[in-house]
Amino acid sequence: MSRLDSAIRRLKAQRSALEWAVADLAGCPGPILEIGLGNGRTYDHLREIAPGRDIYVFERRIAAHPDCVPPADRLFLGNIDTTVPVAARMLGPVAVLAHIDIGTGEKPASEELVRRIAPGLDRLLAPGAIVISDQPVPSWPALPPPEGVTPGRIHLYRRPGIGPSARGAKSVAPSTSR
């Protein structure tokens with residue numbers, strides 16, 4: 001598979017997972033965490049599909065399109081090992097969705113980074129929160145990917161606890177035509 005085809009499949013999987021999660025969490029109050037802003041594409045998409053939700057962004061340094069930079073009061077700028085504990089003290093366990101896209105381009109380093117920050121994210125996630133990650137996260141129960149998305153292309157998890165599926169919301173990723 002070409003790198004272009006791989007990127008297209010990754011972006012489609014990301015979009016499908018984000019849209020499924022936002023629908024699954026409809027009616028559940030709480031903010032969204034965007035861990036890794038990059039150029040701002042997924043942040044911009046989250047603003048569109050989850051209007052009215054606060055989105056807190058974690059980024060080492062801003063390199064996003066100017067239209068995709070979050071307001072200063074929702075931006076945790078700096079090293080993730082430092083900003084996640086600060087955010088946990090400020091916000092507490094309130095986030096219903098976390099999207100983690102912090103791949104470094106080096107698989108072992110990316111996987112280690114996600115493993116390292118996962119315990120801190122636990123202090124930001126509400127019980128039943130959904131986590132979408134570009135890397136595997138061994139500390140949370142896995143969810144199946146949306147239909148049509150190759151397993152391992154993107155990783156979905158639900159933080160243990162009473163969450164949307166316990167209240168009758170759809171808990172299996174739906175089919176997607178994308």
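**Notebook: sheet, helices and cores**

I began at one residue pair: isoleucine 130 stands opposite arginine 158 in E7. The model is a predicted one.

I then looked up the strands around that pair. E5 and strand E7, residues 155-158, run antiparallel and are joined by four bridges. E5 itself covers 125-133.

Next I traced the whole sheet. I found an open sheet of seven strands, with mixed pairing. Its order is E3-E2-E1-E4-E5-E7-E6. Which strands stand at the edges? They are E3 (75-77) and E6 (142-143). Each has a single partner strand, so one side of each is left without a neighbour in the sheet.

I noted four helices and seven strands. Read along the sequence, the pattern is α-β-α-β-β-α-β-α-β-β-β.

H1 lies across E4, E5, E6 and E7. The angle of H1 to E5 is about 165°. Helix H4, residues 107-122, lies across E1 (32-35), E4 and E5. For H4 the angle to E5 is about 155°.

I looked up the nonpolar cores after that. The largest has 26 residues. Leu46, Leu97, Ile130, Ile132, Ile154 and Leu156 have the most contacts inside it. Which elements give two or more residues to this core? I listed helix H1 (3-24), helix H2 (41-49), strand E2 (55-59), strand E4 (95-100) and strand E5. H1 supplies the largest share, six residues. I also noted a second, separate core of 25 residues. Leu113, Leu121, Ala129 and Tyr157 are among its members.

What does leucine 97 touch, leaving out residues up to four places away in sequence? My list reads Ala21, Val22, Leu25, Pro31, Ile32, Leu33, Leu46, Ala129, Ile130 and Ile132.

Last, I took the chain as a whole. Its C-alpha trace spans about 40 × 35 × 30 Å along the principal axes. Of the 178 residues, 45% count as buried. Among contacts between residues at least 6 apart in sequence, 65% join residues at least 24 apart. The chain exposes about 9,000 Å², and carbon and sulfur atoms supply 54% of that area.

Key: Residues numbered from 1 in each chain as written. Predicted model: local features only at pLDDT ≥ 70, side-chain atom pairs only at ≥ 80, totals over all residues. Heavy atoms only, no water. Core = buried A, V, L, I, M, F, W, Y, C linked by side-chain atoms within 4.5 Å. Buried < 20%, exposed > 50% of the residue type's maximum accessible area, 1.4 Å probe, protein only. Contact = heavy atoms within 4.5 Å. Pairing = 2+ DSSP bridges. Axes fitted to C-alpha atoms, helices over the stretch in contact; angles between N-to-C directions. Areas by Shrake-Rupley, 256 points an atom, 1.4 Å probe, with all protein chains shown as cover.
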